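Please take a look at the fold below. The report starts from a single residue and then moves out to the sheet and the helices.

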Amino acid sequence: MPITTLQIPTADGQADAFAAFPDHGERHPAVLMYADGFGIRPVLRELARELAGHGYYVLVPNLFYRHGPAPVIELPEHIGEEARPAVFAQLMPLIEAHTIERVLSDADAYLRFLTTRPEVDAGTVAVTGYCIGGLLAMRTAAAHPGQVAAVAAFHGPVGADGPGLFSKLTAQVHLGHAEGDMTPEALGELNRALDAAGVSYTSEVYPGTIHGFTMSDTDAFSAPGLKRHWDRLLPLLDRTLATS
């Protein structure tokens with residue numbers, strides 16, 4: 001499965017990124033994949049390559065390109081509990097600087113870039129994201145209702161912007177929550193807000209998981225949780241995007 005390193009023109013410069021896509025066929029439906037707060041690293045390439053194997057062109061941008069190319073900070077091979085305080089001390093200023101205005105400006109650039117790729121089908125796209133990337137995915141889908149047909153967020157703070165964000169969604173949505181992140185009461189409140197906004201969605205807590213369960217290079221990793229993620233994501237994409 002080819003992986004290509006890219007530079008994406010944005011309002012603030014050039015965002016480094018990579019894309020994974022099938023090595024057969026001319027054009028493929030596009031999926032914009034937002035990393036978690038730890039950013040681009042081998043596990044993201046594994047996820048993108050796996051998804052590309054199902055017939056998609058998967059674009060993964062460096063969210064923090066304004067601070068340098070990925071990896072923006074040095075990460076251990078395995079991000080264990082003992083490493084997290086030092087890592088987050090470096091990451092939090094980058095996350096806090098990534099304002100909604102920057103998120104939406106970058107999303108415009110990423111989606112516009114996808115329309116220029118010879119490997120990408122001209123139809124609608126999907127957006128998926130992990131942790132903070134899940135919130136970015138929801139913001140992107142809300143800002144581009146005509147272009148984004150599906151959005152999936154995993155262990156993401158998707159309610160952080162309030163119910164107003166949901167009212168702008170036309171995409172089909174899947175939300176996969178970590179058991180450690182979402183109480184039954186919070187899940188009920190979130191789902192009621194999605195219902196009130198008329199969103200077509202599934203929203204569920206993945207049993208036995210904690211925040212970050214999709215990431216195999218962390219202590220939070222759950223193999224059953226990752227499998228459930230694929231079991232939910234792939235049918236969503238299959239329903240909303242046509243693979244070649």
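## Histidine 174 and its surroundings

Setting aside neighbours within four places in sequence, histidine 174 is in contact with Val151, Ala152, Ala153, Phe154, Thr202, Glu204, Tyr206, Arg232 and Leu236. The model is predicted. Histidine 174 sits in strand S7. Its relative accessibility is 1%, so it counts as buried.

Leucine 236 is 62 residues away from histidine 174 in sequence, yet their C-alpha atoms are separated by 7.6 Å.

## The sheet

The sheet is open and has 8 strands. Their order is S1-S2-S4-S3-S5-S6-S7-S8, with mixed pairing. Strand S1 (3-10) and strand S8 (201-206) are at the edges. Each has a single partner strand, so one side of each lacks a neighbour in the sheet. On average, neighbouring strands are turned by 20° against each other, direction ignored.

Strand S5 (residues 125-130) pairs with strand S6 (residues 148-154) in the parallel sense. The pairing runs over 6 bridges. Within it, valine 127 stands opposite valine 151 of S6.

Helix H1 (residues 42-52) touches S1, strand S2 (13-20), strand S3 (30-34), strand S4 (57-61) and S5. The direction of H1 makes about 55° with that of S2. Helix H5 (residues 184-196) touches strand S7 (172-178) and S8. The direction of H5 makes about 170° with that of S8.

## Strand S4

How many residues of S4 are buried? The count is 5 of its 5 residues, and the strand is mostly covered. In a regular strand, side chains alternate between the two faces of the sheet. Here both faces of S4 are covered. Tyr57, Leu59 and Pro61 are buried on one side, and Val58 and Val60 are buried on the other.

S4 pairs with S2 and with S3. S2 and S4 run antiparallel and are joined by 4 bridges. Phenylalanine 18 has valine 60 of S4 as its bridge partner. S3 and S4 pair in the parallel sense over 3 bridges. Valine 31 stands opposite valine 58 in S4.

## Helix H3 against helix H4

Helix H3 (residues 100-114) and helix H4 (residues 132-143) pack at about 65°, and their axes are 10 Å apart. That angle makes H3 roughly perpendicular to H4. Their crossing is right-handed.

On the H3 side, the contact is made by Ile100, Val103, Leu104, Ala107 and Leu111. On the H4 side, Leu136, Arg139, Thr140 and Ala143 take part. By class, the contact has 7 nonpolar, 1 polar and 1 charged residues.

## Helix H1 against helix H6

H1 also meets helix H6 (residues 223-240). Their axes come within 12 Å and cross at roughly 40°. H1 and H6 are therefore oblique to each other. The crossing is right-handed.

H1 brings Leu47, Glu50 and Leu51 to this contact. H6 brings Leu226, His229, Trp230, Leu233, Leu234 and Leu237. The contact of H1 with H6 divides into 7 nonpolar, 1 polar and 1 charged residues.

## Backbone exceptions

Most residues other than glycine have a negative phi, and most peptide bonds are trans. Which residues does a cis peptide bond join? Alanine 70 and proline 71 are joined by one, with omega about -5°. Proline 71 is in the loop between S4 and helix H2 (84-97).

Cysteine 131 is not a glycine, but its phi is positive, at about 55°. Cysteine 131 is placed in the loop between S5 and H4. Is cysteine 131 buried or exposed? Its relative accessibility is 19%, so it counts as buried, given a cut-off of under 20%.

Histidine 155 also has a positive phi, about 40°, although it is not a glycine. Histidine 155 is found in the loop between S6 and S7. At 1% relative accessibility, histidine 155 counts as buried.

Terms used
Residues numbered from 1 in each chain as written. Predicted model: local features only at pLDDT ≥ 70, side-chain atom pairs only at ≥ 80, totals over all residues. Heavy atoms only, no water. Axes fitted to C-alpha atoms, helices over the stretch in contact; angles between N-to-C directions. Helix = DSSP H or I, 4+ residues; strand = E, 2+ residues; numbered from the N terminus. Parallel < 35°, antiparallel > 145°, perpendicular 65-115°, else oblique. Left-handed = near helix turned anticlockwise from the far one by under 90°. Contact = heavy atoms within 4.5 Å. Nonpolar A, V, L, I, M, F, W, Y, C, P; charged D, E, K, R; others polar. Pairing = 2+ DSSP bridges. Buried < 20%, exposed > 50% of the residue type's maximum accessible area, 1.4 Å probe, protein only.
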